[in-house]
Amino acid sequence: MSENQLLIIHQGAFGDFVITFPILKALRTSIPRIDGICRSSFGRMAVDLGVLDTSYPLESARFASLYSEPIDSKVVTLMSSYRSILLFSSSELLEKSVKKINGPQVFRILPWPNISQKNHITEFLARQVWNSNLLGEEARRRFLRALFHLKGGANRKRRSGTRAIISPGAGSVKKRWPLERFIMVAAELKKRGLQSSILLGPAEVDLETVLQHSPQAQPQVVKTRTFQKLITVLESAVLYIGNDSGVSHLAAFLSVPALVIFGPSDPDRWRPFGDHVRIVKAASPCSPCFDTDRPNCPERACLDKINPDQIVEALEGMFDAERETGK
């Protein structure tokens, strides 16, 4: 019998990978050990968060043999030690290749829904897991119960302090709300006793340049070069504000109260998972357009329609809800 429980393979970018975390956490209620093949830095983060037990670097040349003949013998030995392999992939070629390895059951689920489907991404992934034969009947029920608890903030900690994290970046510049408006929100938060930090990752060099040359008073800037530092910064916050981005999905997974701004992308499909997340979206007739074949506006008209007062009003609603729940 295979020794290990489940191996997942994920080839996607940061945000796409983080989106799977609630699914993997819920699976752990029935599957004691889950390992993963993914980008090495993502894997280390997932292990640190208890999402994976062990990770293997996708960028290793050995795993490239899954798309050729023959498959590397060490890859065969590794994969054949698992009872099941779950592929988050659109590649039928990868599925056929992995199924040539004797031993594990192989399941492939699509990593994101077709643009014609309005399903939320977590619901979309969960439904595919449910419809597969990966879990038995009782395990399926545990899986859904765990997802429900995660949505309600099962990972949530009582947070103290006055630090608000503002993340003005996004994987696409088309999803970025104007930086100067984030700074205006930071000024309003300061009046309410919250000290804001602008979070910049390696991909936000251009925003750092803008901040350096801005005549406005600047909040503190925090730079993160590793996912371990990013997690530490997010967990230090009592509030998070950001765009539709992988960092916003990570903040939501960490159960940080989060306000996320949507423009060209569809929050019905892509909003971060959790009841502690509030969305502000553009009231624009042409939005959402990001996932469609329509050309996106170079002016980001939908995001320009969102003003700082709307964000502050939404934050006041969050503060009121926090006071009512006592959390």
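## Basis of the model

The structure is a predicted model, in which local features need pLDDT of at least 70, side-chain atom pairs count only at pLDDT 80 or more, and totals for chains, interfaces and linings use all residues. Residues are numbered from 1 along each chain as its sequence is written, and side-chain values use heavy atoms, with hydrogens and water left out.

## The five-stranded sheet

Five strands form an open sheet with parallel pairing, in the order β3-β2-β1-β4-β5. Strands here are DSSP runs of E with at least two residues, helices are runs of H or I with at least four residues, and both are numbered from the N terminus; two strands pair if DSSP finds at least two bridges between them. At the edges stand β3 and β5 (105-109), each of which pairs on one side only. On average, neighbouring strands of this sheet are turned by 20° against each other, direction ignored; the axes behind such angles are lines fitted to C-alpha atoms, for helices over the stretch in contact, and angles run from 0 to 180 degrees between N-to-C directions.

Strand β2 (residues 34-38) is mostly covered, as five of its five residues are buried, where buried means under 20% relative accessible area, exposed over 50%, and partly exposed in between, with a 1.4 Å probe and protein chains only. In a regular strand the side chains alternate between the two faces of the sheet. In β2, I34, G36 and C38 point one way and D35 and I37 the other way, and all are buried. Strand β1 (residues 4-10) pairs with β2 in the parallel sense over four bridges, and I8 has G36 as its bridge partner in β2.

## The six-stranded sheet

A further open sheet has six strands in the order β8-β7-β6-β9-β10-β11, with parallel pairing. Because β8 (220-223) and β11 (277-281) stand at the edges with a single partner strand each, one side of each is left without a neighbour in the sheet. Neighbouring strands of this sheet are turned by 25° against each other on average, direction ignored. Within the sheet, strand β6 (residues 163-167) runs parallel to strand β9 (residues 239-243), joined by four bridges; A164 has L239 as its bridge partner in β9.

## Pocket and cavities

The largest pocket has a volume of about 740 Å³. Of its 30 lining residues, F14, G15, G171, G246 and V247 are the closest to its centre. On a 1 Å grid over the protein atoms alone, a pocket is an open set of points with protein on both sides within 12 Å along at least five of seven lines, a cavity is a set where a 1.4 Å probe fits but cannot get out, and lining residues have an atom within 4 Å of a point. Points are joined across faces, edges and corners, and a volume is the space filled by probe spheres set on them. Helix α1 gives the largest share of the pocket lining, four residues. The lining divides into 14 nonpolar, ten polar and six charged residues; Ala, Val, Leu, Ile, Met, Phe, Trp, Tyr, Cys and Pro count as nonpolar, Asp, Glu, Lys and Arg as charged, and the others, Gly among them, as polar.

There are two cavities of 30 Å³ or more. The largest cavity has a volume of about 140 Å³, and of the 15 residues that line it, P22, H249, A252, F253 and F273 are the closest to its centre. The elements that give two or more residues to this lining are α1 (14-19), α7 (121-131) and α12 (246-253).

## Selected residues

S255 lies in the loop between α12 and β10 (258-262). Although S255 is not a glycine, its phi is positive, at about 65°. The peptide bond from E69 to P70 is cis, with omega near -10°.
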